[in-house]
Amino acid sequence: MEAQLELESILLPGVDSKRPLVIAGPCSAETEEQVMNTARELAASGIKIFRAGIWKPRTRPGSFEGVGSVGLPWLQRVKRETGMYTAVEVATAQHVYEAIKYGIDMVWVGARTTANPFAVQEVADALRGTDMPILVKNPVNPDLELWIGALERLNRAGIKKLGVIHRGFSVYQKIKYRNDPQWQIAIELHRRIPNLPIINDPSHISGDSNLILEVSQQAMDLNFDGLIVESHECPAQAWSDAKQQVTPAHLKMILSDLVIREAMIGDKPRTELDELRQKIDLLDKQVVEIMAKRMSISEQIAKYKFENGVTVLQSRRYDEILQSRRKVAEENNLNPDFVVKLYEAIHEESVNRQTLVMQKLQKEKK
């Protein structure tokens, strides 16, 4: 079902509408000095919207959970002395009331909050009657309907200045990034709600300051509207998420290195076919990455077989694989013969890899 939202522009007065809209600032407001030093540097670089974590939901008790409302006057000072707009994350009605009290210009709902419909409804009710832009991060798990549901709750509370933040999705296994981008989910959200602004969070996706440019560029290539980047005057001394924060000077370099491509070809907008092809490209990339992980496990199996005197080829296991994959193919409306051919090729490569690993181990043993 297509989502129907009443939307207005999230742009604040005086903020340039050209891509990318950039929101930047520290993961956490730590001290007034740290906030002001970072804000001054960002303002000098042309950043118009300053973000800072005031309330920080943490996984384990005892971690730094933000300075709380004591930091809100610091953001008032940022606005007064630099002219920047201010943005914070809210997770409860009290957070909303405090943000409004101190003149915060923009708020966002965090990934953990988005995953809880009761919490989203509480925030929506507290925001009812306000005119500030609200951004909604994707939920921690890859659930598009839950993400859209949070937007609908806010919209039904009369909030029309809505946008989203794509920060990737939590995964259990180790991958290149801190959070799996799963770009196809954001692309599908854009297809369902075409006028909804999408801001990318390369800090939380990458988890590594060295990867922020890479993720930001991919977001721009996918025609995202903006970026929200964690920037700290001295990331090494940050009280939270030090590894993924960049200095204002580093952020300026990242933004200058971005290639911003047009969403139009001449006077022709990007077609539905282009968007579908993008989905295929992203899915193919994931298929290759999953295949690499599969082959890595095959090599681990080879080591086990070597240490336990087991042959590489296990005919019974191979037959089980082909039969079970054929059944899964049928359940997913795929041609079973195609899937069998695919797994024959995968099995051949797996056997080749296992053979090479065992040969190597045999040489080392001698």
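Predicted model: local features only at pLDDT ≥ 70, side-chain atom pairs only at ≥ 80, totals over all residues.

User: Which residues of H10 are buried?

Analyst: In helix H10 (residues 248-257), they are Pro-248, Leu-251 and Ile-254. Seen down the axis of H10, the buried residues fall within an arc of 115°, so they line one face of the helix. An α-helix has 3.6 residues a turn, so residues three or four places apart point the same way.

User: And what does the face turned away from the buried side carry?

Analyst: Lys-252, Met-253 and Ser-256. These residues of H10 are exposed.

User: Switching to the largest nonpolar core. Which residues touch the most other members?

Analyst: Phe-50, Leu-75, Val-88, Val-107 and Leu-127, out of 71 residues in that core. Helix H6 (residues 144-156) gives the most to this core, with six residues. Apart from this core lies another, of 14 residues, including Leu-12, Ile-23, Ala-87 and Leu-135.

User: Back to Leu-75. What does it touch, leaving out residues up to four places away in sequence?

Analyst: Leu-75 contacts Val-35, Phe-50, Ala-52, Ile-54, Thr-86, Val-88 and Ile-104.

User: One more: Thr-113. Buried or exposed?

Analyst: Buried. The relative accessible area of Thr-113 is 7%, and the cut-off for buried is under 20%.

User: Where does Thr-113 lie, and what does it touch?

Analyst: Thr-113 is in helix H4 (residues 111-114). Not counting residues up to four places away in sequence, Thr-113 touches Val-90, Ala-91, Ala-119 and Val-120.

Note on methods:
Residues numbered from 1 in each chain as written. Heavy atoms only, no water. Core = buried A, V, L, I, M, F, W, Y, C linked by side-chain atoms within 4.5 Å. Buried < 20%, exposed > 50% of the residue type's maximum accessible area, 1.4 Å probe, protein only. Helix = DSSP H or I, 4+ residues; strand = E, 2+ residues; numbered from the N terminus. Contact = heavy atoms within 4.5 Å. Arc of directions from axis to C-beta.
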